[in-house]
Structures are given as structure tokens and as C-alpha cells.
Amino acid sequence: MTRIDWDVRFGAYGSVFSSPDLIHWTETLHEIPGFASEPVGGAFYNEARGCTTIIHRRTWGFREAGYQDTADVVHFTEHEVCLRQDSLDDPLDEIYGMPAFPYAGMYIGFACLYTDNQPSRCTKFAPGNTYPQLAYSWDGHHWQRSLRQSFLPEYH
């Protein structure tokens, strides 16, 4: 079985590296089709789907986590949204991305929630913070967040 890792450089470029033994890596694909966001994501072997699932943002400005699947690191499914902000989040909160991995027959994600925005500011990008929230999935595509608080303490 080939495991896939990915490397993203600032500037919205992504490369796919694969390894049969997790020691010797080769670049398999220079750019993932449909991939155009900075790094806050990840890739894992999706046992439920029998392929590799890549979690990432669709492009700059889209603040939601989505996925693409690939079985051969050549052909990719269309990008589908799997987690976005909702009515339980504070106003102006956004999902900035979500690293994810398989764990104990399910999938665990760290939804990075960009928050602490204040409506009095003229832009959402004025000083806010990103906090990880725990997310989970049974199939690597459909994700839920139960605790709507950071599971790591604030760092000042």
C-alpha cells in the first residue's frame, strides 16, 4: 500500500509525495487539480472509501474545509465541502482548514476556527485568533463538531 503525504508551499502550490515504506519519498504529482489554498489540511488513507482523502480549502477566500479523493494520485474527485461554520458558531467565525487522520475505526479532525473577530472592525482579517476544535467522521467525508470550544488552552 502506498501512503501519501503532501507538501504545500506558500503561494498556493501543492505537491504530492508518495512512499511505499514511509522512508523513501518521491514526488508523484506536482500540483493537485482543484487545489489552491495555503496549508491547513492533510491527507490520509480512507479505509471506508478505499482511497486517499485530501482535506483542504478550495481556494483563497473560501473559509471551509473540503475534500478530494484519489485512488492513484493521478485522478481526483471534484472538491466537496465537508465542514463549514454554522449557526452555533459566533458571528464572523470561519473554518480555516482541518488537518485530519484515521483513529480507531473513525476519523479525527482538528477544525481550525478563525474567531475573535469583532463587527466593529472593517475587515475580518484584523487581529483574530485560530483555535482548534475537535471534529469527527465515520467515513472521512461527513464531519461533525460536538464541543464548540477549543480543546487547547489559549496562548497569550
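Is Glu64 buried or exposed? Hold that thought for a moment. What we have here is a predicted model. My topic today is its salt bridges.

A search of the whole structure finds four of them. I will walk through some.

Start with Glu64. Its side chain meets that of Arg84 in a salt bridge, 3.3 Å from N to O. Where do the two sit? Arg84 is in the loop between β7 (80–83) and β8 (94–97). Glu64 is in the loop between β5 (51–56) and β6 (65–70). So the pair ties together parts that are 20 residues apart in sequence.

Now, the opening question. Glu64 has 10% relative accessibility, so this residue counts as buried. The cut-off for buried is under 20%. Arg84 comes out at 44%, so Arg84 counts as partly exposed.

Next, Arg145. This residue has 7% relative accessibility and counts as buried. One of its partners is Asp89, with the closest N and O atoms 2.8 Å apart. Asp89 is buried, and so is Arg145.

Arg145 also meets Asp86 in a salt bridge, at 3.7 Å from N to O. Again, distant parts of the chain are linked: Arg145 in strand β12 (residues 144–145), Asp86 in the loop between β7 and β8, 59 residues apart. Asp86 is partly exposed, at 33%.

Asp86, Asp89 and Arg145 form one network, joined by salt bridges that share partners.

How values were computed
Residues numbered from 1 in each chain as written. Predicted model: local features only at pLDDT ≥ 70, side-chain atom pairs only at ≥ 80, totals over all residues. Heavy atoms only, no water. Salt bridge = Lys/Arg side-chain N within 4 Å of Asp/Glu carboxyl O. Helix = DSSP H or I, 4+ residues; strand = E, 2+ residues; numbered from the N terminus. Buried < 20%, exposed > 50% of the residue type's maximum accessible area, 1.4 Å probe, protein only.
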